[in-house]
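Please look over the sequence and the model before reading on.

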Amino acid sequence: MNPSAMYAGTFDPITLGHVDLISRAAGIFPRLILAVARHPPKRTLFDVDERVAIAREALAHLPNVEVEPFDGLLVEHARRRGVRVLVRGLRAFSDFEFEFQMALTNRKLAPDIETLFLMPSEEFSYVSSSTVRQIAELGGDAQSFVPPAAWAALQRRTASLGSTGEGRSDAH
């Protein structure tokens, strides 16, 4: 059995809640792959290369964590990488329905791959990337919600956007 796990998402940007979950999962599994969705179904502020670079910098202190982009179905990417456990985060009860549906769908597609749910520390249970993006795009201080690498990237990006407040998307 391969004791590897994969935690997938958009990570636009990676938050302290993500880092908390990644640290917890990295303490359980000798190898954790952070899979960054190349073409997420939602608008992104950062392109995939930026999101991967930010995550790598933010997670450099965790030697057993690999960060990579992925395309297509998560379960297929997990199989290609020899991973049999998907890690998912549950911040609040409102996340449960979506995550439960995704876990059951993934189980139907790939019965050999399990989903493990982890909860973040209470202090991060309300933090989401979309909230962080909105705060930053409106000129607010999101520094306490993200690792330093993400904060620096947010400052650069929002400064380059000027007053338009318009993000970008990976979908071309």
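## The nonpolar core

In the largest nonpolar core, I14, I22, L34 and L59 touch the most other members out of 39 residues; such a core is a set of buried Ala, Val, Leu, Ile, Met, Phe, Trp, Tyr and Cys residues joined through side-chain atoms within 4.5 Å, where buried means under 20% relative accessible area with a 1.4 Å probe, protein chains only. Among the elements that give two or more residues to this core are β1 (4-9), α1 (16-28) and β2 (31-37), while the largest share, six residues, comes from α6. Helices (H or I, at least four residues) and strands (E, at least two) are DSSP runs numbered from the N terminus.

The model is predicted, so that local features need pLDDT of at least 70 and side-chain atom pairs count only at pLDDT 80 or more, whereas totals for chains, interfaces and linings use all residues. Residues are numbered from 1 along each chain as its sequence is written, and side-chain values use heavy atoms, with hydrogens and water left out.

## Around I22

Leaving aside neighbours within four places in sequence, I22 is in contact (heavy atoms within 4.5 Å) with Y7, I14, L32, L34, L59, L62 and V65. A second, separate core of 13 residues includes F70, L74, V75 and A110.

## Strand β1 and its partners

Six of the six residues of β1 are buried, with S4, M6 and A8 on one side and A5, Y7 and G9 on the other. β1 pairs in the parallel sense with β2 over six bridges (pairing requires at least two DSSP bridges), and Y7 has L34 as its bridge partner in β2.

Notes
Buried means under 20% relative accessible area, exposed over 50%, partly exposed in between (1.4 Å probe, protein chains only).
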